[in-house]
Amino acid sequence: MTTTHHLPAGKAAADVYAVDVTPESAGWGHSSLRVLELPAGGWHAFDTGDSEWIVLPLSGGCTRRGRRRHVPARRARASSAG
């Protein structure tokens, strides 16, 4: 059974990713989902381009290496009540 919200194991695998769901394949506007299974001490590199990324270890941990960009926080607008 395949629905728009269910992909059977292996159905969304691509290249080195156990899961690789793109906006085009899911019918979403922007977000993607990639799952990468690494052994202890393993590593993976990819170009983020102009996209924002979140790395979420499902077990273990990770270290991010690469160029950092500083994005200044926006100032909250002051509001007055009354």
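## Accessibility and basis

Buried means under 20% relative accessible area, exposed over 50%, and partly exposed in between, with a 1.4 Å probe and protein chains only. F46 has 38% relative accessibility and therefore counts as partly exposed; W53, at 36%, is also classed as partly exposed. Of the protein's 82 residues, 6% count as buried.

The model is predicted: local features need pLDDT of at least 70 and side-chain atom pairs pLDDT 80 or more, while totals for chains, interfaces and linings use all residues. Residues are numbered from 1 along each chain as its sequence is written, and side-chain values use heavy atoms, with hydrogens and water left out.

## Secondary structure

## Aromatic pair

One aromatic pair is found in the whole structure. F46 and W53 form this pair, edge-to-face, at 4.8 Å centre to centre and 65 degrees between the planes. Rings of Phe, Tyr and Trp (its six-membered ring) pair if their centres lie within 6.5 Å; planes under 30 degrees apart are stacked, over 60 edge-to-face, and the rest tilted.

## Contacts

Contact means heavy atoms within 4.5 Å. Among contacts between residues at least 6 apart in sequence, 8% join residues at least 24 apart.
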